[in-house]
Amino acid sequence: MEFHISFTSSYLVSFLMGLLSSMHCIGMCGSIIGTLTLSLKPEIRNNKTRLLPYVLNYNLGRIFSYTIAGGLAGAVQFLLMLPFGEAIAYRLFQMLSAVIMIGAGFYIAGWFPRFAYIEKAGSRFWKLIEPYGRKLIPVKTRLQAFLFGMVWGWLPCGLIYAALALAATTGDITRSALTMLSFGIGTLPAVIGVGIMTGILTRLSRMRYFKQAVGLFMIILALFAALPWLNPMRLQHI
């Protein structure tokens, strides 16, 4: 059987994952941006035009860390290809990606809250780097905002792990990194919006039917990953 990476290497799919899953993370990311915002001088945080560059730099730092993590995920698959072979290693990651994405879909929809336990996987690493993020508070420059974002980009999150599992199936370190870059870009509208339009986005994220629709979409993506012959994009190589 020949395995294709056309679906899992689709940057459009990873972008949509970020766009939809970020709405579920508004509470967590919003509190972090709130910390950053409150650390700024009053004349900056009370002026949306002057605040936006700081929020943007924070998010660019966060996405930069996602991209690095994506490259590392691709490297892990490359190492597994050595003992198992390309086809077997790809299939293993393909199935793992599908399982994690399905769990994330049920979690977003509110049907599987225990999925949050997967976040413990990165808790030890987070404890090592989190103090460096706190040292950047109060944020005084845009560079500090970028570095603050880089640290908080490693915050344990099950939905990010789902994206990493997807990225690891791309079969290439560069594609894996670019997949996570696309995922991060997908999170930008909602997360930047938290700093600018908190009320509207928070209400949307609390809508039960909206969250269930997003969760079902994630589950459908997972099924396409596990059963590539069902994937309508299988003939395209992105």
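**Entry 1: S14**

I began with S14 and found that it is buried, its relative accessible area coming to 2%. Since buried means under 20% relative accessible area, I wrote S14 down under that heading because its value is 2%. I keep in mind that this is a predicted model.

I then looked up where S14 sits in the fold, and found it in helix α1, which covers residues 11-24.

Next I asked which backbone oxygens the side chain of S14 reaches. One belongs to Y11, at 2.9 Å, and another belongs to T179, at 3.3 Å.

For the surroundings of S14, I left aside residues up to four places away in sequence, and noted that S14 touches L166, T179, S182 and F183.

**Entry 2: the largest pocket**

I turned to open space in the model, and recorded a volume of about 380 Å³ for the largest pocket. Its lining is made up of 20 residues, and those closest to the centre of the pocket are A69, A73, I160, Y161 and L164.

I also looked up which elements give two or more residues to this lining, and they are α4 (48-84), α5 (86-109) and α8 (158-167). The largest share comes from α4, with 6 residues.

Last, I asked how the lining residues of the largest pocket divide into nonpolar, polar and charged.

Terms used. Residues are numbered from 1 along each chain as its sequence is written. This is a predicted model: local features need pLDDT of at least 70, side-chain atom pairs count only at pLDDT 80 or more; totals for chains, interfaces and linings use all residues. Side-chain values use heavy atoms; hydrogens and water are left out. Helices (H or I, at least four residues) and strands (E, at least two) are DSSP runs, numbered from the N terminus. Buried means under 20% relative accessible area, exposed over 50%, partly exposed in between (1.4 Å probe, protein chains only). A polar contact is a pair of N or O atoms within 3.5 Å; within protein, one must be able to donate a hydrogen and the other to accept it, and residues adjacent in sequence count only if both atoms are side-chain atoms. Contact means heavy atoms within 4.5 Å. On a 1 Å grid over the protein atoms alone, a cavity is a set of points where a 1.4 Å probe fits but cannot get out, and a pocket is an open set with protein on both sides within 12 Å along at least five of seven lines; lining residues have an atom within 4 Å of a point. Grid points are joined across faces, edges and corners, and a volume is the space filled by probe spheres set on the points. Ala, Val, Leu, Ile, Met, Phe, Trp, Tyr, Cys and Pro count as nonpolar, Asp, Glu, Lys and Arg as charged, and the others, Gly among them, as polar.
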